[in-house]
Amino acid sequence: MRTPITKQLLLLAAMLSIACAQNIDFASIKIQTVKISDGLYVLMGGPAQGNILVSTGPDGIFLVDSMYAPMHQKIMDALNAISRQPIRYLVNTHLHGDHTAGNEAMAKLGAVIISHENMRKRMPPASRDLPVLTYTDSITLHFNGEEIYIYHPEPAHTDGDSIIYFRHANVMHVGDVPSSLRYPNIGVNEGGAVDGMIAAARQVMKVANPETKIIPGHLGPVVGFKEIEQQLEMFQAVRERVLTAIRAGKTVEQVVASKPTADFDAPRLGGAITPDRFVTLVYTDLAKRAR
Ligand SMILES: [Zn+2]
C-alpha cells in the first residue's frame with residue numbers, strides 16, 4: 001500500500017528539484033565573502049548557489065563560477081568591496097545553472113568564459129552563457145602571479161567538469177565533486193556517474209595534498225581530505241546498498257523507502273539535495289549501467 005504514496009512523493013521531489021531555481025528567494029540572500037589567502041576569496045550565497053572563488057591582483061579578477069543570474073548585482077557589490085579591477089576570466093566547474101547562469105552578465109563586462117569542451121557542447125547553441133574558450137584535458141593560466149591549473153576529471157558530476165588548482169596558494173575549487181558534507185546532485189542526464197564521482201574525488205586527493213585548501217561547490221567554504229574521505233565512505237556504502245537492491249530486483253520506490261542513507265543523514269541535511277533525491281539519482285545511474 002506504500003508504493004503509490006512513495007511514487008507521489010518522488011514525483012513531487014522531482015518537480016521540486018526542477019522548480020528549485022524559481023523557488024529561491026533571491027532578494028533575501030546575502031553574499032558572504034571569506035578571505036582564503038592573499039588575493040583569494042570565496043563568495044558564498046547559501047546552499048543553492050555555487051561557491052564563487054575570486055582571484056584578485058595586478059592582472060585583474062579571475063572567477064570560478066557565476067551563481068544564478070539574479071545574484072549578479074550582489075556578486076558585483078561583493079567584488080567591488082575587494083577590488084576595482086576588471087573581470088578578465090571566468091571558468092565554470094560544470095554546466096548547472098547555479099554555477100553558470102550568471103555568465104552572460106559577466107561576459108558583458110568583458111570576462112572571457114572558459115570551460116571544458118563537453119560543457120559547452122551540452123549547452124543550447126543559443127545560450128547567452130556559452131563559454132568562448134574550451135579545452136580538452138587541461139589548461140594553465142598564468143595570472144596574478146599564479147599558476148592556475150584547470151583540469152578535466154573523468155565523467156563525474158557531469159562529463160564536462162573542471163577542477164581549478166591555484167598551485168602557489170595551494171587552493172583548489174572542485175565544483176560538485178564529492179567534498180563538503182552534503183548529498184550532492186549527480187548529473188545523470190549530463191554524463192555524470194556515481195563511479196565517476198568516486199574516482200574524481202580520489203583523483204583530487206592525488207593532485208592536491210593534505211594541506212590544500214579545498215573549496216567545494218556548495219557549503220564549506222573550505223574542506224580538506226577528511227571531508228572528502230567521509231564523502232567517499234558514504235558514496236561507497238550507499239552505492240553497495242543500492243546496487244545489491246537493484247540486483248535483487250527492487251524498484252526505485254522500494255529502495256528509497258528502505259532509507260539506505262539513514263546512518264549517514266545527520267550531518268548531511270544542510271544541502272539542497274534530500275536523502276531521497278540522492279538515492280533516486282544513485283539508483284537511476286546504477287540501474288542504467290546494470291542493465
Ligand atoms: Zn551541479
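Let's start with two residues, His157 and Asp176: both are buried (under 20% relative accessible area, with exposed being over 50% and partly exposed in between, using a 1.4 Å probe and protein chains only). The model is predicted, so local features need pLDDT of at least 70 and side-chain atom pairs 80 or more, while totals for chains, interfaces and linings use all residues. Residues are numbered from 1 along each chain as its sequence is written, and side-chain values use heavy atoms, leaving out hydrogens and water.

What do these two residues hold? Together with His94 (NE2) and His96 (ND1), His157 (NE2) and Asp176 (OD) are the protein donors of the zinc ion, 2.1 to 2.7 Å from it. Donors here are N, O and S atoms within 2.8 Å of the metal (3.2 Å for Na, K and Ca), and sites may look incomplete because water is not among the atoms. His157 sits in the loop between S9 and S10, and Asp176 in the loop between S11 and H7, so the pair ties together parts 19 residues apart in sequence.

Those strands belong to an open, mixed sheet of five, ordered S8-S9-S10-S11-S12. Strands (E, at least two residues) and helices (H or I, at least four) are DSSP runs numbered from the N terminus, and two strands pair if DSSP finds at least two bridges between them. At the edges, S8 (138–143) and S12 (213–215) each pair on one side only.
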